[in-house]
Amino acid sequence: MSKYVGSGKYIVIKIIVLLIITSSLLGCYQKIDKTTEKSVINPDEEKKDINGIIKKETEHFIFNYKIYDKKAVDDLAKILEENYERIVNDIKPTIEPSTIKVYVYPSIDEFHKAVYKPDASDGFVGYTLSATEFAIVSPNNPGNVHNYEDILKTAVHEFTHIVVGIVRMPPRWLNESIALYEAE
Ligand SMILES: [Zn+2]
């Protein structure tokens with residue numbers, strides 16, 4: 001009888017020990033879960049580089065911008081992709097344009113400094129940098145001369161310069177006329 005009581009006590013102790021071990025393991029799992037939850041951050045945040053520049057890729061463009069211009073960049077991407085085929089078909093470059101990088105600057109001042117024209121007027125809002133890149137001010141901060149919609153059209157204008165440049169660089173007056181026509 002005393003033997004049974006003894007082993008009964010032993011079993012109770014065993015169960016208590018197991019319960020403690022199990023609960024401490026559950027505690028660990030909960031901790032791990034919480035850590036995992038915390039590491040799931042906004043995907044846009046994850047694409048940020050060390051300077052806070054975010055990259056957005058669409059079919060034909062890669063946009064570099066800062067987080068507060070996300071919506072404006074979505075609008076830039078939309079108007080550029082919507083006009084892409086039409087402009088390429090109009091100008092018929094000998095080769096398809098490669099992916100175009102678009103640098104979106106948060107303010108007129110930052111844009112002017114970036115393109116080495118710090119004393120430019122507010123009317124200067126977009127600039128073709130190379131055969132595959134153009135810089136533009138954010139539609140959110142268009143300056144005193146232009147508005148949000150004007151900057152979207154400026155993106156189409158600069159893109160047109162890039163496509164025209166693939167064919168052969170025409171005289172400046174003609175290049176401007178084509179870009180004005182396509183962004184109208
Ligand atoms: Zn132009």
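## Basis of the model

Residue numbers start at 1 in each chain and follow the sequence as written. The model is predicted, so local features need pLDDT of at least 70 and side-chain atom pairs count only at pLDDT 80 or more, while totals for chains, interfaces and linings use all residues.

## Overall fold

The protein has six helices and five strands. Here helices (H or I, at least four residues) and strands (E, at least two) are DSSP runs, numbered from the N terminus. Along the sequence the pattern is α-α-β-β-α-β-α-β-β-α-α.

Of the 184 residues in the protein, 24% are buried. A residue is buried if 20 or more other C-beta atoms lie within 10 Å of its own, exposed if 12 or fewer, and partly exposed in between, with C-beta atoms placed from the backbone. Among contacts with a separation of 6 or more, 56% are between residues 24 or more positions apart. A contact requires C-beta atoms, placed from the backbone, to lie within 7 Å.

## The sheet

The five strands form an open sheet of mixed pairing, in the order β1-β2-β3-β5-β4. Its edge strands are β1 (53–57) and β4, each of which pairs on one side only. Two strands are taken to pair if DSSP finds at least two bridges between them. On average, and with direction ignored, neighbouring strands of this sheet are turned by 20° against each other. Axes are lines fitted to C-alpha atoms, for helices over the stretch in contact, and angles run from 0 to 180 degrees between N-to-C directions.

Strand β5 (residues 133–137) is mostly covered, with four of its five residues buried. β5 pairs with β3 in the parallel sense over five bridges. Within this pairing, Y103 stands opposite A135, and V104 has I136 as its bridge partner. β5 also runs antiparallel to strand β4 (residues 126–130), to which four bridges join it. The hairpin that joins β4 to β5 passes through two residues.

## Helix α3

α3 has 22 residues, which at 1.5 Å a residue should span 32 Å; the end C-alpha atoms are 30 Å apart, which agrees. The expected span is 1.5 Å times one less than the number of residues. α3 bends by about 40° at Y84, where the bend is the angle between axes fitted to the seven residues ending there and the seven starting there.

The buried residues of α3 are A72, V73, L76, A77, L80 and I87. They are covered by elements including β1, β2, β3, α5 and α6. An α-helix has 3.6 residues a turn, so residues three or four places apart point the same way.

## Nonpolar core and V104

The largest nonpolar core has 32 residues, of which F63, L76, V102, V104, I136, A155 and F159 touch the most other members. Two or more residues each come from β2 (61–66), α3 (70–91), β3, α4 (108–114), β5, α5 (148–167) and α6 (172–182). α5 gives the most, with eight residues. Such a core is a set of buried Ala, Val, Leu, Ile, Met, Phe, Trp, Tyr and Cys residues joined through C-beta atoms within 7 Å.

V104 lies in strand β3 (residues 100–105). It counts as buried because 24 other C-beta atoms are within 10 Å. Apart from residues up to four places away in sequence, V104 touches F63, N64, Y65, D69, V73, L76, I136 and S138.

Most residues other than glycine have a negative phi, and most peptide bonds are trans. K92 follows α3 and has a positive phi near 45°. K92 lies in the loop between α3 and β3 and is exposed, with 9 other C-beta atoms within 10 Å.

Y116, which is not a glycine, has a positive phi of about 60°. Its place is in the loop between α4 and β4. Y116 counts as exposed because it has 8 C-beta neighbours inside 10 Å.

How values were computed:
Contact = placed C-beta atoms within 7 Å.
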